[in-house]
Amino acid sequence: IDYGSATYSDERRKGTINTRQYRAPEVLLGMEWDEESDIWGVACIAMELFTGDLLFQTVGVGDEVTHAGDALHFALIEKIVGKVPREMLEAASSRKRRNFDEEGRLRLEELHHSEREHVGNMRSLRVGTGRGGEA
């Protein structure tokens, strides 16, 4: 446990926190965060304990990863959990919003082909979807 970013509930909380693979969408978008980002992280850890694998594997994908960063992380979130809610995208900075189209989907052309393949191989946690399926 790391209490280096611990704050009081009445303090404004913004900035990068969490280990990348457990980082909540609001943190990735540069928004203010609260205890819900901790719940996201705990859920990611629970899935890792259940499956033995990271839920959002953003490091070491393919041989020539060009930017295993926020774009790949968002692509994995979108595939596994679903689209980032519109209200979150609207509250994000214009620099972060540029990565998404008018419908709120990540612009996948930013990803290296090995990253796109990695995302395509992931399974969705949404009911009624599976490998490669859409909700």
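A residue counts as buried here when its relative accessible area is under 20%.

Let's start with the overall layout. The chain has six helices and zero strands, so reading from the N terminus you simply get α-α-α-α-α-α. Of the contacts with a separation of 6 or more, 52% link residues 24 or more positions apart.

Now for the inside. In soluble globular proteins, nonpolar side chains tend to be buried together. In this chain, the largest nonpolar core has 23 residues, and the ones touching the most other members are Leu29, Phe56, Phe74, Leu76, Val84 and Phe100. Two elements, helix H3 (70-80) and helix H4 (86-91), each give two or more residues to this core. H3 gives the most, with seven residues.

Skip its neighbours within four places in sequence, and Phe100 is in contact with Leu29, Phe74, Val84, Leu89, Arg105, Leu106 and Arg107.

How far can you trust the picture? The mean pLDDT of the chain is 82, with 81% of the residues at 70 or more. Residues 63-68 are another matter: pLDDT stays under 50 there, although the model has twelve contacts beyond four places in sequence for this stretch. Where pLDDT is low, the predicted coordinates should not be read in detail.

Notes. Residues are numbered from 1 along each chain as its sequence is written. This is a predicted model: local features need pLDDT of at least 70, side-chain atom pairs count only at pLDDT 80 or more; totals for chains, interfaces and linings use all residues. Side-chain values use heavy atoms; hydrogens and water are left out. Helices (H or I, at least four residues) and strands (E, at least two) are DSSP runs, numbered from the N terminus. Contact means heavy atoms within 4.5 Å. A nonpolar core is a set of buried Ala, Val, Leu, Ile, Met, Phe, Trp, Tyr and Cys residues joined through side-chain atoms within 4.5 Å. Buried means under 20% relative accessible area, exposed over 50%, partly exposed in between (1.4 Å probe, protein chains only). pLDDT is the predictor's confidence in each residue, from 0 to 100.
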